[in-house]
Amino acid sequence: MSPRPVDAPTKFAASYMPEPNSGCWLWLGAVDHKTGYGHFSSTRSNITGAHRASWQLHKGAIPTGLCVCHKCDVRSCVNPDHLFLGTYSENMQDAARKGRMRWKQGESRNLPIGEKHHQSKLTAEQVREIRESRLSGISFARKFGVSNVTISRIRRGIIWRAAA
């Protein structure tokens, strides 16, 4: 006789432990070692984030385009009272407000610009040449090893605004 299958709510309830001080429900199941988020599977083929599963089990469906975000900022927390729905952008803004990003909302990121940026393929002199010349964008793209779109964006002032 094979063991009786366990339903998703029962399996989920056995996979977390309430933390009395914070109110978080700490996930005891599988956790992604890179991100710190828990994984839950109601079947072998249905694997999802544990916090997403918690939302679905306790509050219902997650509308398309929305993320399940943490109020408590504990990635392994699955307490539905610590979760809220938001867009990806709102989630990133929330993280910035709470200081969980490399920079805070409203602060300059102070990335190097122009040829000082580590991914730059062009110099300020080459950008001046691109802007002053009537040669086709394709000609410059081939000459400098960049895309025609890059040349167009330089000429329209979308990128390399501070150069020449």
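This is a predicted model: local features need pLDDT of at least 70, side-chain atom pairs count only at pLDDT 80 or more; totals for chains, interfaces and linings use all residues.

Q: Which residues of helix 3 are buried?
A: The buried residues there are N91, D94, A95 and A96. Strand 5 and strand 6 are included in what covers them.

Q: And K98, where does it sit?
A: K98 belongs to the loop between helix 3 and helix 4.

Q: What does K98 touch, leaving out residues up to four places away in sequence?
A: On that basis, K98 touches H70, K71 and D73. K98 and K71 are 27 residues apart along the chain, and their C-alpha atoms are separated by 10.0 Å.

Q: Let us take D73, then. What is its phi?
A: D73 has a positive phi of about 65°, although D73 is not a glycine. The residue lies in the loop between strand 5 and strand 6. With a relative accessible area of 28%, D73 is partly exposed.

Q: Which loop holds H82?
A: H82 is also placed in the loop between strand 5 and strand 6.

Q: Why does H82 count as buried?
A: H82 counts as buried because its relative accessibility is 14%, and the cut-off for buried is under 20%.

Q: What surrounds H82, apart from neighbours within four places in sequence?
A: H82 is in contact with S22, G23 and C24, with C69, H70, K71 and C72, and with C77.

Q: Stepping back, what is the overall layout?
A: The chain has six helices and six strands. Starting at the N terminus, the order is α-β-β-β-β-α-β-β-α-α-α-α. The chain has 164 residues, of which 26% count as buried.

Q: Which residues make up the largest nonpolar core?
A: That core has 11 residues in all: L122, A124, V127, I130, F140, A141, F144, V146, I151, I154 and W160. Helix 4 (124–132), helix 5 (137–144) and helix 6 (148–155) each supply at least two residues of this core. Another core, of eight residues, lies apart from it, with F12, W25, F40 and V78 among its members.

Q: What does A124 touch, not counting residues up to four places away in sequence?
A: A124 touches E115 and W160.

Q: Now helix 2. Which of its residues are buried?
A: A50, H51, A53, S54 and W55 are the buried residues of helix 2. They pack against helix 1 (8–13), strand 2 (25–27), strand 3 (39–43), strand 4 (46–49), strand 5 and strand 6 (83–86).

Q: What comes after helix 2?
A: Helix 2 is followed by G60, which has a positive phi near 110°.

Q: Changing topic to pockets: how much space lies in the second largest pocket?
A: The second largest pocket holds about 320 Å³ of space.

Q: What lines the second largest pocket?
A: Its lining has 15 residues, and Y37, R75, N91, M92 and R100 lie nearest the centre. By type, the lining divides into eight nonpolar, three polar and four charged residues. Helix 2 (50–59), strand 5 (67–70) and helix 3 (88–97) each supply at least two residues of the lining.

Q: How far is D32 from S76?
A: The C-alpha atoms of D32 and S76 are separated by 9.8 Å, and the two residues are 44 residues apart along the chain.

Definitions and conventions: Residues are numbered from 1 along each chain as its sequence is written. Side-chain values use heavy atoms; hydrogens and water are left out. Helices (H or I, at least four residues) and strands (E, at least two) are DSSP runs, numbered from the N terminus. Buried means under 20% relative accessible area, exposed over 50%, partly exposed in between (1.4 Å probe, protein chains only). On a 1 Å grid over the protein atoms alone, a cavity is a set of points where a 1.4 Å probe fits but cannot get out, and a pocket is an open set with protein on both sides within 12 Å along at least five of seven lines; lining residues have an atom within 4 Å of a point. Grid points are joined across faces, edges and corners, and a volume is the space filled by probe spheres set on the points. Ala, Val, Leu, Ile, Met, Phe, Trp, Tyr, Cys and Pro count as nonpolar, Asp, Glu, Lys and Arg as charged, and the others, Gly among them, as polar. A nonpolar core is a set of buried Ala, Val, Leu, Ile, Met, Phe, Trp, Tyr and Cys residues joined through side-chain atoms within 4.5 Å. Contact means heavy atoms within 4.5 Å.
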